[in-house]
Amino acid sequence: MKNIFVGNLSFGTTEDTLRSMFASYGAVERVNIVTDRDSGQPRGFGFIEMSVDTEGNAAINALNGKDLDGRSLNVNEARPKGDRASGGGGQRRNNRW
């Protein structure tokens, strides 16, 4: 299973659009555009799961930098949660948040 990160998405991009784009390279198992938990608005990135690694790699190579809805996509293999940098914040200055 290949988990693919897709960044720099237009807020108007749909999961169906992404599924169609990636399906031309192989079987797409799941598509998820990440949304803000408070507003429900898209956050500009998402994840694609493809069942065959070689097909996922082909999609990454072909679609990274490709234009979709007026935006140049950032497509690469998703890193496991433990490998990501922390999201910042949490540091106090003058005992205030």
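Does Ser 10 fall into the class of buried or exposed residues, and what is its relative accessibility? These close-ups of a predicted model start there.

**View 1. Ser 10 sits in a loop between a strand and a helix.** The loop that holds Ser 10 lies between β1 (2–7) and α1 (15–23). Ser 10 has 17% relative accessibility, and therefore counts as buried, since the cut-off for buried is under 20%. Leaving aside residues up to four places away in sequence, Ser 10 touches Asp 69 and Arg 71.

**View 2. The helix α1 has a buried side formed by Leu 18, Met 21 and Phe 22.** Looking down the axis of α1, you will find these buried residues within an arc of 90°, so they line one face of the helix. Covering the buried residues of α1 are elements that include β1, β2 (28–35) and β3 (42–50). Also among the covering elements are α2 (53–63), β4 (67–68) and β6 (74–77).

**View 3. Asp 16 and Ser 20 are exposed residues of α1.** Both are carried on the face of the helix that is turned away from its buried side.

**View 4. Phe 45 and Phe 47 form an aromatic pair.** A pair of aromatic rings is described by the distance of the centres and the angle of the planes. For Phe 45 and Phe 47, the centres are 6.1 Å apart and the planes are at 90°, an edge-to-face arrangement. Searching the whole structure turns up three aromatic pairs.

**View 5. Three phenylalanines come together as a cluster.** Here Phe 5 joins Phe 45 and Phe 47, with ring pairs as the links.

Technical notes
Residues are numbered from 1 along each chain as its sequence is written. This is a predicted model: local features need pLDDT of at least 70, side-chain atom pairs count only at pLDDT 80 or more; totals for chains, interfaces and linings use all residues. Side-chain values use heavy atoms; hydrogens and water are left out. Rings of Phe, Tyr and Trp (its six-membered ring) pair if their centres lie within 6.5 Å; planes under 30 degrees apart count as stacked, over 60 as edge-to-face and the rest as tilted. Helices (H or I, at least four residues) and strands (E, at least two) are DSSP runs, numbered from the N terminus. Buried means under 20% relative accessible area, exposed over 50%, partly exposed in between (1.4 Å probe, protein chains only). Contact means heavy atoms within 4.5 Å. The arc is that of the directions from the helix axis to the C-beta atoms.
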